[in-house]
Amino acid sequence: MKITDASVVVTSPGRNFVLLKVTTEDGVVGWGDATLNGRELAVASYLRDHVCPLLVGRDATRITDTWSYLYKGAYWRRGPVTMTAIAAVDVALWDVAGKLAGAPVHRLLGGAARDEVTLYGHASGATVEEALEDVAAHLDAGYRAVRVQAAVPGAEAGSYGVPPADGRVYEPASGERPAEDRWDTAAYLDFLPQLMAAVRERFGYGFALLHDAHHRLSPIEAGRLGASLEPYRLFWLEDPTPAEDQSAFRTVRQHTTTPLAVGEVFNSIWDCQQLITERLVDYVRTSVSHTGGITHLRRVFSLADLYGVRSGSHGASDLSPVSFAAALHVDLAIPNFGIQEHMGHRDPAGEVFRTGYEVADGVAHPGDAPGLGVDVDEEAAARYPYAPRYLPVNRLRDGSVHDW
Ligand code: GCO
Ligand code: MG
């Protein structure tokens, strides 16, 4: 089944997305997500200028061969741009494979290992009370797992995951140039146990409570925070310390039993190999769109399964509905599923993406349409031109650049 065309669609229905469209000789179309928040055009060029010409003429059904051809054939391996581009091709080819077989992708992956995919939603607030109100809204909506973030008193501007005080919807990639945040780790370490205590005091322990430290702590600070949160029994503490320093998690593990989740910035199995094989994390957060697609993500989760580590894939709104659909197919089929992040996508994204997955009452299902079950309206996509948007740069009070 020859590929006759491969093209890139860059669109911005509410936020920037980069998509890959693969067309076969009999007109079957597959879609992949090539969005890399803040560096979108780098992936669009990698695909347009270096990959798409090589795809034309290849057999669309040879997914593994194409993955190796693009990974080993590039010589320059790994990295977020390369692996996001490969992911887009891989997901598009799995979409084609499902359509050719008349089967949903999860069936090609071995079929459903569960009836539904458990989601966690994002509750946040500029104050503790606002955050508690948002937790209540998520519990009322049926979520059984909620991530909670709130502005840190004394470091409001640099707090991660919190909507602006003016009530605008939270969108980290908002500036034509990176916003410059100010951060205060000491204030954060004192505040967070108070926030988690308030959540448990108001709502009890009957749901999974998550928090994202977003890479900002040193290993010993992360150990201290994890220990201080133990009375509140978190489902996970995410990205407690920059994840590229895998051995640093030995220090964190020595100081706390709070479960750890890492991986949204990873793009290959080698990025998390030590974390998994030394059991330094409890959940691996690698995403289908930044970690080489379904083909490679399955390898990551298979390795994780050997060591009792479960999945917890990244699912923020800068991963498009194509990516969220692909994630749900993988989530449904793997044996060691943990939980799936769900932020959702605001309109006008719904004009561009027609999705077949179901989301309700804190759970999801990818549906049984052939392939991924997502279609892209290219005319609608053309109505929303790309505009540069950058994630913030974080600085400490003394002005030195810190982790955002
Ligand atoms: C999460 C992530 C996001 C990222 C964003 C970067 O847990 O969902 O930390 O908030 O910051 O996806 O583009
Ligand atoms: Mg995160």
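Trainee: Where is the place of Y75?

Mentor: Y75 sits in the loop between α2 (63-73) and α3 (80-101); helices here are DSSP runs of H or I with at least four residues, strands are runs of E with at least two, and both are numbered from the N terminus. Bear in mind that this is a predicted model, where local features need pLDDT of at least 70, side-chain atom pairs count only at pLDDT 80 or more, and totals for chains, interfaces and linings use all residues. Residues are numbered from 1 along each chain as its sequence is written, chains are lettered from A and ligands numbered from 1 in the order in which they are written, and side-chain values use heavy atoms, with hydrogens and water left out.

Trainee: What makes phi of Y75 worth a remark?

Mentor: Phi of Y75 is near 70°, a positive value in a residue other than glycine. Most residues other than glycine have a negative phi, and most peptide bonds are trans.

Trainee: Which residues does a cis peptide bond join?

Mentor: D347 and P348, with omega about 15°. P348 belongs to the loop between β12 (340-341) and α12 (349-352).

Trainee: Why are α6 and α7 called roughly parallel?

Mentor: The axes of α6 (residues 185-203) and α7 (residues 219-229) cross at roughly 20° and come within 9 Å. Axes are lines fitted to C-alpha atoms, for helices over the stretch in contact, and angles between N-to-C directions run from 0 to 180 degrees. Angles under 35 degrees count as roughly parallel, over 145 as roughly antiparallel, 65 to 115 as roughly perpendicular and the rest as oblique, so α6 is roughly parallel to α7.

Trainee: Which residues make the contact of α6 with α7?

Mentor: With contact meaning heavy atoms within 4.5 Å, α6 brings T185, Y188, L189, D190, L192, P193 and M196, while α7 brings E221, R224, L225, S228 and L229. By class, that contact has seven nonpolar, two polar and three charged residues (Ala, Val, Leu, Ile, Met, Phe, Trp, Tyr, Cys and Pro count as nonpolar, Asp, Glu, Lys and Arg as charged, and the others, Gly among them, as polar).

Trainee: How do you know that α3 and α10 are roughly perpendicular?

Mentor: α3 packs against α10 (residues 293-306) at an angle of about 105°, with the axes 6 Å apart. That angle falls in the roughly perpendicular class, and α3 and α10 are therefore described that way. The contact is made by M83, A87, D90, V91 and W94 of α3 together with G293, I294, T295, H296 and R298 of α10.

Trainee: Which residues are the closest to the centre of the largest cavity?

Mentor: Q149, Y160, Y188, H211 and D212, out of 13 lining residues. The largest cavity holds about 80 Å³ of space, and β5 (145-150), α6 and β7 (208-212) each supply at least two residues of its lining.

Trainee: How much space lies in the largest pocket?

Mentor: About 1,000 Å³. Its lining divides into 18 nonpolar, 11 polar and 12 charged residues.

Terms used:
On a 1 Å grid over the protein atoms alone, a cavity is a set of points where a 1.4 Å probe fits but cannot get out, and a pocket is an open set with protein on both sides within 12 Å along at least five of seven lines; lining residues have an atom within 4 Å of a point. Grid points are joined across faces, edges and corners, and a volume is the space filled by probe spheres set on the points.
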